[in-house]
Amino acid sequence: GKLIKLAGKLRDRRNELNQAASERASRRDELNAKTREQVDLAQEHREKRDELNEKVQEHKQQRNELNAKANELFDEVDDMKGDLDLDEGKDLDTLESEIEDLEFRQQTEVLSAEDERELIEKIEDKREQYRKRQDALEDTEGLEEVKAEAEEVRAEASEHHEKVTELADEAQEHHNEMISAYREADDVRDDADEWHEKFVEAQEAADRHHEDFVRVQKRLREMDKEEEQERKSERDQRREEAEEEADEIYQQFLDGETLDTEDLMKLQKAGKL
């Protein structure tokens with residue numbers, strides 16, 4: 001009776017532990033699924049980030065090539081300016097004003113012959129400067145074209161630089177999202193590992209209770225067999241005793257002794273009649 005009661009307790013506790021293990025395994029599996037979702041999300045952000053970074057490199061290359069071309073054009077502009085000597089001397093308006101002042105002085109002042117000659121030479125010199133300056137400026141048409149092209153190329157390079165900045169910022173956002181998703185996956189995975197440990201703990205305890213339950217059940221079956229064997233032995237012994245008694249009664253019958261009803265029933269039961 002104690003073993004039967006113990007077997008019941010072990011069975012019930014085993015079932016409780018198996019139920020707990022199943023619930024913990026379900027919770028662990030849910031967390032592992034969430035972990036995979038976060039890892040997949042992180043991978044999506046990684047792929048998007050890498051795709052954007054490739055575009056960043058493409059725009060960087062185009063920007064750098066355009067900047068190099070713009071620098072070459074601006075260098076060409078500087079060389080042309082140097083050849084035209086435009087960065088030195090006075091502009092046309094200034095020269096024209098100076099010529100007018102000298103001519104006004106020539107017309108209004110009474111000068112000696114020597115001063116008059118010097119003034120005329122100054123006027124001629126200014127006029128020569130004016131002509132050279134005017135000729136040089138007329139030759140700057142090609143320079144302006146190169147300068148305009150250089151500025152256009154520089155503007156295009158700036159557009160690519162803006163695109164680089166825009167795409168780099170977007171790539172950084174995806175990078176941050178990727179890091180966040182990986183961290184979330186790590187946190188959830190830690191929770192899943194804890195629930196797995198709880199599952200293993202419950203499952204191992206359930207297995208131990210099951211093993212104990214099986215041992216008790218085995219012992220109960222052994223005891224049942226022992227009891228059955230004892231009952232069989234008792235039946236065999238009683239049958240042997242009954243047969244011996246029937247033999248004695250039958251012998252008495254052969255010897256002519258009178259048998260009562262009980263003796264006759266014993267002979268009949270033993271198959272002697």
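Is Ala242 buried or partly exposed? Ala242 counts as partly exposed, at 38% relative accessibility; buried means under 20% relative accessible area, exposed over 50%, and partly exposed in between (1.4 Å probe, protein chains only). The legends below take the whole chain and then a series of close-up views.

The model is predicted, so local features need pLDDT of at least 70 and side-chain atom pairs count only at pLDDT 80 or more, while totals for chains, interfaces and linings use all residues. Residues are numbered from 1 along each chain as its sequence is written, and side-chain values use heavy atoms, with hydrogens and water left out.

**View 1. The whole protein chain.** The secondary structure comes to 5 helices and 0 strands, in the pattern α-α-α-α-α along the sequence. Helices (H or I, at least four residues) and strands (E, at least two) are DSSP runs, numbered from the N terminus. The C-alpha atoms fill a box of roughly 205 × 30 × 20 Å, taken along the principal axes. The radius of gyration of the protein chain is 59 Å, whereas a compact globule of 273 residues would have one near 19 Å. This radius is taken over C-alpha atoms, and the globule rule is 2.2 Å times the number of residues to the power 0.38.

View 2. Of the 273 residues, 22% count as buried. The protein chain exposes about 19,600 Å², and carbon and sulfur atoms supply 43% of that area; accessible areas come from the Shrake-Rupley method with a 1.4 Å probe, and for residues only the protein chains shown count as cover. Among contacts (heavy atoms within 4.5 Å) between residues at least 6 apart in sequence, 84% join residues at least 24 apart. The protein chain has 48 positive and 89 negative charges, and their mean positions are 12 Å apart. Lys and Arg count as positive and Asp and Glu as negative, with His and the chain ends not counted. The place of a charge is taken as NZ of Lys, CZ of Arg, CG of Asp or CD of Glu.

**View 3. Arg28 and its surroundings.** Arg28 is placed in helix H1, which covers residues 2–84. Its side chain meets that of Asp29 in a salt bridge, at 3.0 Å from N to O. A salt bridge is a side-chain nitrogen of Lys or Arg within 4 Å of a carboxyl oxygen of Asp or Glu. Arg28 counts as buried because its relative accessibility is 15%, while Asp29, at 39%, counts as partly exposed. Apart from neighbours within four places in sequence, Arg28 is in contact with Ala192, Trp195, His196 and Phe199.

**View 4. His45 in helix H1.** Helix H1 also holds His45. With a relative accessible area of 15%, His45 is buried. Leaving aside neighbours within four places in sequence, His45 touches His174, Glu177 and Met178 as contacts. Ala171 is 126 residues from His45 in sequence, but their C-alpha atoms are 8.8 Å apart in space.

**View 5. The pair Arg49 and Asp50.** The side chains of these two residues, Asp50 and Arg49, form a salt bridge of 2.9 Å, N to O. Arg49 is buried, with a relative accessible area of 13%. Asp50 is partly exposed, at 32% relative accessibility.

**View 6. Ala150 in helix H4.** Ala150 lies in helix H4. At 0% relative accessibility, Ala150 counts as buried. Beyond neighbours within four places in sequence, the contacts of Ala150 are with Ala70, Leu73 and Phe74. Ala150 and Arg219 are 69 residues apart along the chain, and 100 Å separates their C-alpha atoms.

**View 7. Salt bridges including Glu166 and Lys163.** Glu166 forms a salt bridge with Lys163, with the closest N and O atoms 3.8 Å apart. Both residues lie in helix H4 (residues 141–254), 3 residues apart, which is about one turn of the helix. Glu166 has a relative accessible area of 44% and is partly exposed; Lys163 is partly exposed as well, at 32%. Elsewhere, salt bridges that share partners join Glu227, Glu228, Arg231 and Arg235 into one network. A search of the whole structure finds 20 salt bridges.

**View 8. Ala242 in helix H4.** Ala242 lies in helix H4. The C-alpha atoms of Ala242 and Thr165 are separated by 112 Å, the two residues being 77 residues apart along the chain.
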